[in-house]
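Please have the model open while you read my notes.

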Amino acid sequence: MNNRGLWPEIINNYHVYNGNSENLAEPMLGIGDNLELPQVNEKTTTLSGAGIIGDIEVNNPGDFEAFDMNVPFVCICEGMFDINSKQRTYLTIRATMQSTEKATGAVEYSGIKVVVGGKVKAYNLGSLQKGQQGTPGVTLACDYLKIEAKYADNTTKTLFELDKYNEVYIVNGVDMLKEIKEFS
């Protein structure tokens with residue numbers, strides 16, 4: 001199953017969990033309402049030479065720039081410091097996406113699960129303002145990212161997975177490093 005015929009509309013809600021197992025306990029409390037996911041960039045090099053008019057940027061599949069993710073909190077709280085700074089931490093974000101089926105106009109819901117792994121790079125204490133939420137957060141230096149979609153018929157598909165330590169790079173269910181690994 002895929003989402004063909006479904007028009008994505010909104011994220012209804014999401015929760016963040018400390019860990020990456022399927023049986024996660026309670027969601028973390030105090031998470032802000034705008035969680036920006038990391039931008040992942042492949043490294044490139046410039047190709048130029050005889051027979052080429054100008055420069056061409058060429059990517060090196062499986063070689064990625066460093067990337068971070070900031071986890072915002074509404075106030076300085078214990079939950080910020082539950083994210084361990086001495087070892088790799090996994091955070092699991094579970095979101096519900098609302099879509100409309102183009103053919104019938106029916107509303108359907110699907111799940112999006114994002115797992116981010118990395119080490120704490122910074123505890124951002126943010127600011128304090130009387131009568132307002134604060135702006136603290138935790139910045140993770142990421143080395144793992146996985147995005148899965150779960151559809152109404154309970155099928156699950158890996159949309160993206162990157163594990164820098166274990167040479168895993170999957171896009172839309174396809175192993176992007178399969179051919180490279182065959183020769184190395």
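Predicted model: local features only at pLDDT ≥ 70, side-chain atom pairs only at ≥ 80, totals over all residues.

The points below cover some strand pairings and salt bridges.

1. Let's start with two hairpins. Strand β7 (residues 137–150) pairs with strand β8 (residues 156–163) in the antiparallel sense, over 7 bridges. Leucine 145 sits opposite leucine 162 of β8. Between β7 and β8 there are 5 residues, and asparagine 154 in that turn has a positive phi of about 70 degrees.

2. β8 also runs antiparallel to strand β9 (residues 168–171), joined by 4 bridges. Here aspartate 163 faces valine 168 in β9. This hairpin has 4 residues between its strands, with glutamate 167 in the turn showing a positive phi of about 55 degrees.

3. Now for the charges: the structure holds 6 salt bridges. One of them joins aspartate 68 to lysine 121, with the closest N and O atoms 2.7 Å apart. The pair links strand β4 (residues 67–72) to strand β6 (residues 107–124), and the two residues are 53 apart in the chain. Aspartate 68 is partly exposed at 32% relative accessibility, while lysine 121 is exposed at 54%.

4. Lysine 113 forms a salt bridge with glutamate 148 at 3.5 Å between the closest N and O atoms. Lysine 113 lies in β6 and glutamate 148 in β7, so this contact ties together parts 35 residues apart in sequence. Glutamate 148 also bridges to lysine 146, at 3.3 Å. Relative accessible area is 12% for lysine 113, which is buried; glutamate 148 is buried at 15%, and lysine 146 is buried at 19%.

Key:
Residues numbered from 1 in each chain as written. Heavy atoms only, no water. Pairing = 2+ DSSP bridges. Salt bridge = Lys/Arg side-chain N within 4 Å of Asp/Glu carboxyl O. Buried < 20%, exposed > 50% of the residue type's maximum accessible area, 1.4 Å probe, protein only.
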